[in-house]
Amino acid sequence: MTMTPPPWPTTAPAQPPRRATVVLATLAVLLSVAALIVAIISLTRSADTSTPHYRAAQQADAKKNLCAQYKLAANAENIETNTPNNFALARLSATNGAVILETAAANPALDPKYRDAARALALSYQNLVAIATGKDGGDPELEKVITDTNANVRAMQGICSD
């Protein structure tokens with residue numbers, strides 16, 4: 001049996017055009033180089049550019065808010081701790097003061113030294129409440145936490161008296 005050629009003309013098997021392959025390869029190389037450049041630039045940027053910078057007015061407002069909140073908490077704590085036989089409300093006031101200070105210290109525009117002082121006082125208030133439970137005056141552990149709390153109160157007073 002012999003094969004007869006088809007009655008229509010045949011075409012050669014399809015081959016991808018070489019020009020398209022070269023263009024796609026070149027484009028892939030260019031995109032890779034661009035991605036590498038972007039990666040290198042992002043890695044070599046200084047850490048300073050990644051931290052937000054706040055205007056002086058924003059920082060001043062953050063400090064003003066922190067000090068207003070501190071004075072609110074300190075006033076309540078002063079009233080509750082100087083009222084005779086008011087231990088439960090004094091502890092609640094210290095706990096509330098810690099929350100108020102933590103909230104005010106969370107402002108990202110706040111200078112870290114003010115934030116650290118507020119958080120230190122908040123932690124002192126928390127420790128005072130926890131350690132004072134079941135202790136009487138004169139207990140060495142209680143006296144130490146009272147001394148630490150008073151030192152942190154003086155630090156906040158110094159910050160907020162400017």
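This is a predicted model: local features need pLDDT of at least 70, side-chain atom pairs count only at pLDDT 80 or more; totals for chains, interfaces and linings use all residues.
Me: What percentage of the residues count as buried?
Reply: Buried means under 20% relative accessible area, exposed over 50%, and partly exposed in between (1.4 Å probe, protein chains only). Of the 162 residues in the protein, 23% are buried.

Me: How many helices and strands are there?
Reply: Both are DSSP runs numbered from the N terminus: helices are H or I with at least four residues, strands are E with at least two. The protein has six helices and zero strands, in the order α-α-α-α-α-α along the sequence.

Me: Which share of the contacts joins residues 24 or more positions apart?
Reply: A contact means heavy atoms within 4.5 Å. Among contacts in the protein with a separation of 6 or more, 64% are between residues 24 or more positions apart.

Me: What span should helix α6 have?
Reply: The expected span of a helix is 1.5 Å times one less than its number of residues. For the 21 residues of α6 (residues 140-160) that gives 30 Å, and the end C-alpha atoms are 30 Å apart, which agrees.

Me: Which residues of α6 are buried?
Reply: They are Leu142, Val145, Thr149, Asn152, Val153, Met156, Ile159 and Cys160. These residues cover an arc of only 115° around the axis, so they sit on the same side of α6. The arc is that of the directions from the helix axis to the C-beta atoms. The buried residues of α6 pack against α3 (56-81), α4 (87-105) and α5 (112-132). On the face turned away from the buried side are the exposed residues Pro140, Lys144 and Arg154.

Me: Which residue caps the N-terminal end of α6?
Reply: Asp139 does, with a side-chain oxygen 3.0 Å from the backbone nitrogen of Glu141.

Me: How many salt bridges are there?
Reply: A salt bridge is a side-chain nitrogen of Lys or Arg within 4 Å of a carboxyl oxygen of Asp or Glu. By this rule there are two. One pairs Glu102 with Arg119, whose closest N and O atoms are 3.9 Å apart. That pair links distant parts of the chain, 17 residues apart, with Glu102 in helix α4 and Arg119 in helix α5. Glu102 is partly exposed at 32% relative accessibility, and Arg119 is partly exposed at 37%.
In the other, the side chains of Asp148 and Lys144 meet at 2.9 Å, N to O. Asp148 and Lys144 are four residues apart in helix α6, so about one helical turn separates them. Asp148 is partly exposed at 34%, whereas Lys144 is exposed at 53%.

Me: Is Ser93 buried or exposed?
Reply: Ser93, in helix α4, is buried, with a relative accessible area of 8%. Not counting residues up to four places away in sequence, Ser93 touches Ala76, Glu77 and Glu80.

How values were computed:
Residues are numbered from 1 along each chain as its sequence is written. Side-chain values use heavy atoms; hydrogens and water are left out. A polar contact is a pair of N or O atoms within 3.5 Å; within protein, one must be able to donate a hydrogen and the other to accept it, and residues adjacent in sequence count only if both atoms are side-chain atoms.
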